[in-house]
Every structure is written in structure tokens, then in C-alpha cells.
Amino acid sequence: MSKHSALAATVWSAAAVLGVGAGMAAISAVGTGITERGVKPMTPGEVDAALAVPAAPPGPPPSAAAPSPSAPPRRDPPRPGPTVTVTRQVTTAITNLASEAGDIVARCDRGAAFLVSWTPAQNFSVGASNRTPPGAVFVRFQSSTRFVTMTVTCRADRPSAAVSVDRRDGDPRSQYPHRHFPGRG
């Protein structure tokens, strides 16, 4: 290490020590000033005395010109309260419907089914879908070996899914009839 490097390191170290010391002193002074002016807790007697004093009625702030004794006090007009208007009653039930091929989040509104979202299971993708009426509301999940179609309807204003599974190899013994999975939720 050269003399210049050693001198620079010494000067830098001294400046760092002085800077840290000055910062600590400033924080200590500010902290002391804040805590010394803090609010002291009231004793039970002071609390009782403060509660016994009647509260001053709200009024206008004191002004330089005093109102004449014959003038009535000025009051602000009353503000109307907020109003709420219900335009239609919402009877939407949102339900998660699950199958081996994926999940559907569906809702019913006035007896009609709507798909909110869907997520295919691992090794499946979405082949086709119809999110809203008219027509059947469904999602067809597909893999390399089968199609799984979830058709959503509403029963008592709750989503319900009919699931059909078809193998891609065309074997008629592998086609399953509709199985119903009513929604939970």
C-alpha cells in the first residue's frame, strides 16, 4: 500500500467516525427534545376533574367585532343525509365446479348460467368454450387421450355442471354418459 493510499484511508476513516458521531448526537438531541415535551399520563383525579367540566358548545370562532345582542345567532343550514337507492336485487351465487380435467368458476343470474373463469388441470388445455348464453354454457378441456366437457346450468339459482368424458381413440365403450356435479359453495 502506498503512502497516498494509507493517508486517504486514514482521512476517510476519520471523516466516517466524525460523521457517525455527529449523526448520533443529532438524533440524541432530537429524541430528547421530542420525549421531554411528551404528554404525561393523567392521574385518576385529573381525569375526574376533566370529565366534570361541561364541554363548550360548538360555535363560531371569536372574532374582533362582536355581534350585536339583538342579532339572531347564525346557523349553517342542515346537510341532507346520504341516500341509497337499490335498482335491482342481486341474487348471484358464485360457485367453483371441479372435474378431473379442470375447474370452472360459474355464477347464476336470474336462472341463466355464466362462466366467470376456468383453469385446466395439468396435461389438459381448453379446446372450446361458451361463456354466456344464448346457447349452452360450457368448457371443453382436452388432453392427448380424452375430451372432458363441463356444461353448466342453474338449479335453484345455483350453478351445476354436467360432465361428459370422451376418449380420443373412438372406442364406444370408453364414452361415459353425463355425470352431474352440483356446485358447492
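I take two strands as paired if DSSP finds at least two bridges between them. Strands (E, at least two residues) and helices (H or I, at least four) are DSSP runs, numbered from the N terminus.

I note that the model is predicted: local features need pLDDT of at least 70, side-chain atom pairs count only at pLDDT 80 or more, and totals for chains, interfaces and linings use all residues. Residues are numbered from 1 along each chain as its sequence is written, and side-chain values use heavy atoms, with hydrogens and water left out.

**Sheet.** I looked up the strand order and found an open sheet of 3 strands, β1-β2-β3, with antiparallel pairing. The edge strands are β1 (93-98) and β3 (112-120), each of which pairs on one side only. From one strand to the next, the twist averages 20°; axes here are lines fitted to C-alpha atoms, and angles run from 0 to 180 degrees between N-to-C directions.

**β1 with β2.** I recorded 6 bridges in the antiparallel pairing of β1 with β2 (residues 102-109). Ala 93 has Cys 108 of β2 as its bridge partner, and Asn 96 has Val 105.

**β2 with β3.** I recorded 8 bridges in this antiparallel pair. Val 105 stands opposite Ser 117 in β3. This hairpin has 2 residues between its strands, and Arg 110 in the turn has a positive phi of about 55°.

**Arg 110.** Arg 110 and Cys 154 lie 44 residues apart in sequence and 9.1 Å apart in space, C-alpha to C-alpha.
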